[in-house]
Amino acid sequence: MTTATHDHDHAHHGPAKGITRWLYTTNHKDIGTMYLWFSFAMFLLGGTFAMVIRAELFQPGLQLVQPEFFNQMTTMHGLIMVFGAVMPAFVGLANWMIPMMIGAPDMALPRMNNLSFWILPFAFAMLASTLFMEGGAPNFGWTFYAPLSTTYAPPSVTFFIFAVHIMGASSIMGAINIVATILNMRAPGMTLMRMPLFVWTWLITAYLLIAVMPVLAGVVTMMLMDIHFGTAFFNAAGGGSPVLFQHVFWFFGHPEVYIMILPAFGIVSAIIPAFARKQLFGYSSMVYATASIAFLSFIVWAHHMFTVGIPFLGEAFFMWATMLIAVPTGVKVFNWVTTMFRGSMTFETPMLFAVCFVVLFTIGGFSGLMLAVAPADFQYHDTYFVVAHFHYVLVPGAVFSIMAAVYYWLPKWSGKMYNETLGKVHFWLSFVGVNVLFFPQHFLGLAGMPRRIPDYALQFADFNMISSIGGFLFGASQLLFLYIVVHTIVAGKPAKAKPWDGAEGLEWSVPSPAPYHTFETPPDIDKAPQLDRKEP
Amino acid sequence: MSEHRTDTERKSGGHHSVVVKSLLAVVGMLAFVFVGLVPMYNLICEWTGVTGRTTGASEVQNFVVAEDRPIKVQFLATNNADMPWEFRPMVKQVTAKPGELVQVNFYARNKTRRDMTAQAIPSLSPFESTPYFHKTECFCFNQQPLAAGEDVEMGLVFQIDPDLPDWVRTISLSYTLYDITEQQEVASAKP
Ligand code: HEM
Ligand SMILES: [Cu+2]
């Protein structure tokens, strides 16, 4: 569609050939693709570590690995999943979809885009290489509490710190790019309140990233200084405080967990209306709810620290502030359910993942509320209940939303249709796997099993074995996911420009696969029928 | 492709301003962490006494001694992780009346064959009593070097403010002793 619309400079049209296409590309679709593949590779690597963890926990006693290595596995699993799998996947989706959703020809800052992707493989290569270093990989948990990560850290901690610096730089660049794209590159007529929710949620996420990634960089820099330059930020002997570490970390960390879920809200808000064949209920309330969640996420961090000895008033404040988040979150869940209500729903794979997201994410929200009750958290803190909580919000939450997005937009990206039967098989295996894996962990936690341990008391044996079986099932199903995606790309049936009847949005107005350059001439939004949002 | 001029790029002058503002925000947040959050944390701890960390020396004050209100003051001494010294209070507990000056001693001995330097870090419980517990002299104000095998009696003089909340009957003062020999050698750590 684009070839006819402009008159000069045709030389750049196809992508370059060979490896240089990927090395030098400034095309948002290429970069989006690389982010997504990178994220999938990290998902498999982090998943492998998780398999080691679940294999060790299959039975009580020490079977496969030593406790030191077990700790390295839990640490690396968490770090790689958070920073390597979930975050880059959302950035990849943003790259692919935001320009197409707002009618822009590319991202605002294409060269920075290239840089922000290409520094990532170096960061993670550095992080992964610590596994082979003397003293082993970081073993202090993904939350790297001082003094475990300073005084008692393995020498490889310095590499960990630099890797985090690079990841932070990459995220900040990516976020700036997304803000610039959304603020400046919308096609005429694409007002802010007409933007698809995925774009809105990413705009807000990008602001969160710009605000808190420097805090992460700051806290690892303080560690670096404590370790190598004799400062004592976190060292009580020198006048510092390990509790300070936790405050600074969670001031980053809680907004970070929302960074990993807000774009998921956007994806689900695109998919549910498409398969319910109804407009999204309460568009503007979704926007305001997202913004209030983002705001609240800055004032709840100490709910991770109820047990460190906070004064009574502090406990109360952080408890109520945390519970307040349930309100805008509830608004969202209500809107999704209402969108489905009396819709003419069909359940293709993206919809299955999206509906499952709504249900299971809500379970994770409820266990979060239980943890938010400060006196109760004294009991649950640092048990498997916390592990169950955050895995419910992150796996059938964030990760399922990414899978939903892949199934939903893969026809647009590749021009091919995935195999619906296989997609459904993948969904059901993942669904069963994830619940068998994480649901029993609630019981383990309530019964008192601590997190991050390689061995446990006998009474926890049954639930751990069930959980491990679920884990292996879930892990294996993701190989099927890989197969489905590859099979689609090489042998899928051609997809229509708009493979989903009910889908809305500019991305469906371009052919499938999306041409290398789209919207070089901005589309006329007012004539695009898909965007008739009946809202004020 | 940058030579393309389409309608949508007409706002690209705006990119510059987005980038500049965002970078300012990034630098601002970094600065906030180092010169905002950290001092703020220390100030809040000092004001509220949350961590139970008593700070600097106070002057001896002329309080009216509250004869009818004996407060039990208990002393604890702990060695941090690898600290090999012997370290203990010479009395485990005293009864102090608010307003009076009380002196106690702690004993430390360097059991090793090398010269070492230690730093004691105090913590008070319940933390609400921190602002009312005035130390006029304390070994924790200074680093304590001890040659191999040497020992020392270290003094603490304190005064409890009669404004101490009524519900406080017992105060526990604990000291953790840290080995700071290495930090001493690397740089002079600021206590
Ligand atoms: C209604 C919403 C939520 C509430 C009330 C809530 C509350 C909490 C609380 C109180 C804890 C601390 C538990 C403890 O350590 O004792 C916690 C931990 C955690 N939450 Fe949530 N949460 C909510 C949603 C989310 C979401 C959406 C995510 C991420 C997508 C998330 C990710 C996490 C993670 C990763 C941890 C554990 C961090 C760690 O210690 O390793 N939570 N949550
Ligand atoms: Cu949190």
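Trainee: Is H303(A) buried or exposed?
Mentor: This is a predicted model. In it, H303(A) has 13% relative accessibility, and the cut-off for buried is under 20%, so H303(A) counts as buried.

Trainee: Which residues are the protein donors of the copper ion (ligand 2)?
Mentor: H303(A) is one of them, through NE2.

Trainee: How far apart are the copper ion and the iron atom of ligand 1?
Mentor: They are 4.6 Å apart. The iron atom has H389(A) as its only protein donor, with NE2 at 2.1 Å.

Trainee: And where is H389(A)?
Mentor: In helix 13 of chain A, which covers residues 384-414.

Trainee: Changing topic: how many aromatic pairs are there over all chains?
Mentor: The count is 60. One example is F106(B) with F139(B), a tilted pair with 5.1 Å centre to centre and 45° between the planes.

Trainee: What does that pair tie together?
Mentor: F106(B) is in strand 4 of chain B and F139(B) is in the loop between strand 6 and strand 7, so the pair links parts 33 residues apart in sequence. Both F106(B) and F139(B) are buried.

Trainee: Last one: what is at the start of helix 2 of chain A?
Mentor: A side-chain oxygen of N27(A) comes within 2.6 Å of the backbone nitrogen of K29(A). Helix 2 itself has 29 residues, 28-56, and reaches 42 Å from its first C-alpha to its last, close to the expected 42 Å.

Technical notes. Residues are numbered from 1 along each chain as its sequence is written. Chains are lettered from A and ligands numbered from 1 in the order in which they are written. This is a predicted model: local features need pLDDT of at least 70, side-chain atom pairs count only at pLDDT 80 or more; totals for chains, interfaces and linings use all residues. Side-chain values use heavy atoms; hydrogens and water are left out. Donors are N, O and S atoms within 2.8 Å of the metal (3.2 Å for Na, K and Ca); water is not among the atoms, so sites may look incomplete. Helices (H or I, at least four residues) and strands (E, at least two) are DSSP runs, numbered from the N terminus. The expected span of a helix is 1.5 Å times one less than its number of residues. A polar contact is a pair of N or O atoms within 3.5 Å; within protein, one must be able to donate a hydrogen and the other to accept it, and residues adjacent in sequence count only if both atoms are side-chain atoms. Rings of Phe, Tyr and Trp (its six-membered ring) pair if their centres lie within 6.5 Å; planes under 30 degrees apart count as stacked, over 60 as edge-to-face and the rest as tilted. Buried means under 20% relative accessible area, exposed over 50%, partly exposed in between (1.4 Å probe, protein chains only).
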